[in-house]
Amino acid sequence: MSEQTAGALRAWFKRVEPLYPELFNTAHVICGNYDQAEDALRGAILEVWSEGSQGGMGFRERLRSTLREEALRLSAADDGTLEFTWPGIGEDMDDIILTQAGKEDIDVQRVLMLRHGVGLSAGRIATITGMPASLVRSTLSRFETKCKRKLPAKDRPQFDTLLNKAMKRQLNARTGIPHPAAVYRAFEAEAATLQAPTHRLSTIIYRVLVLVMALVCAVLFWLFAVLVQPPNLQSQSPTPTQAPIPQPGTQIETTYESEAPAN
């Protein structure tokens, strides 16, 4: 790999790093397994890079959505043999909601994180966890009732907002996540294998476009030549009508009466 290409990859990966903790923790809670979460993270980063996505808000949302779909795909492929390694929600004594969440069973914590951190529907959470969707909804409702009792009265109307913010803070925690350098090295190695085919494909597409444009130009030139060509009209001068030449002994009729001979 050339130094220029390696530099471009490093510069692109720098745009991913601000979201790196959130992406891995999202994959971990969806997959439930550390190694599978790392695979989902690498796959999502590689896919977004191969699409040529750059920085910006759209870039971040593209990373998040691609990571979710990749983690969901790997989670669905799990046959139940992988070890469940997600550590759960860390308690925070300064946050009533996180303190209460940390006291719940790991299954309840996972449901809370999937719903209010990752933003998945009850149906998708049921698919991931194996719980019926009705049980997912009742679990969320019981936690809300339990937690609201411990919140100050002024904070209860904002419970959903406070819970979402608390779960987002947990997703951005850097504790227990793989070092970005290790993920970058794997990304760099996989990206190198994709660069040559991508370059050849771009060259082929370019050549096809050039050929198509050349054909279009030829057709337009021919059409222009046909349209501007003057009509090939052969103008023929009319032959003037000549009076018949009288032959000797032939009397020519006329509309005038012959004058009588003078006496």
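## A report on the helices and their contacts

Just after helix α6, the residue G119 takes a positive phi of about 85 degrees. The model is a predicted one, in which local features need pLDDT of at least 70 and side-chain atom pairs count only at pLDDT 80 or more, while totals for chains, interfaces and linings use all residues. Residues are numbered from 1 along each chain as its sequence is written, and side-chain values use heavy atoms, with hydrogens and water left out.

The chain holds 10 helices and 0 strands, where helices (H or I, at least four residues) and strands (E, at least two) are DSSP runs numbered from the N terminus. Read along the sequence, the pattern is α-α-α-α-α-α-α-α-α-α. Of the 263 residues of the chain, 33% count as buried, a word that stands for under 20% relative accessible area, with exposed meaning over 50% and partly exposed in between (1.4 Å probe, protein chains only). Among contacts in the chain between residues at least 6 apart in sequence, 70% join residues at least 24 apart, and contact here means heavy atoms within 4.5 Å.

Two pairs of helices are set side by side in the table, in which the axes are lines fitted to C-alpha atoms, for helices over the stretch in contact, and the angles run from 0 to 180 degrees between N-to-C directions.

| Helices | Angle | Distance between axes |
|---|---|---|
| α2 (residues 20-31) and α3 (residues 34-50) | about 130 degrees | 8 Å |
| α6 (residues 106-118) and α7 (residues 122-129) | about 140 degrees | 10 Å |

The angle of α6 with α7 makes these helices oblique to each other, since angles under 35 degrees count as roughly parallel, over 145 as roughly antiparallel, 65 to 115 as roughly perpendicular and the rest as oblique. In the contact itself, R110, V111, L114 and R115 of α6 meet I125, I128 and T129 of α7. By class, this contact of α6 with α7 has 4 nonpolar, 1 polar and 2 charged residues, where Ala, Val, Leu, Ile, Met, Phe, Trp, Tyr, Cys and Pro count as nonpolar, Asp, Glu, Lys and Arg as charged, and the others, Gly among them, as polar. Because 10 of the 13 residues of α6 are buried, this helix is largely enclosed by the rest of the structure; the buried residues include V108, Q109 and R110.

The helices α2 and α3 are likewise oblique to each other. Here Y20, L23, F24, A27, H28 and C31 in α2 meet Y34, Q36, A37, E38, A40 and L41 in α3, and the residues of this contact divide into 9 nonpolar, 2 polar and 1 charged. An α-helix has 3.6 residues a turn, so residues three or four places apart point the same way.

Also in α2 is E22, which counts as buried because its relative accessibility is 9%. The side chain of E22 makes a polar contact with the side chain of R64 (2.7 Å), a polar contact being a pair of N or O atoms within 3.5 Å, of which, within protein, one must be able to donate a hydrogen and the other to accept it, and residues adjacent in sequence count only if both atoms are side-chain atoms. Leaving aside neighbours within four places in sequence, E22 is in contact with R64, L171 and N172.

Which residues does T99 touch, not counting residues up to four places away in sequence? They are E91, D92 and M93. T99 lies in helix α5 (residues 96-102), and with a relative accessibility of 12% it counts as buried.
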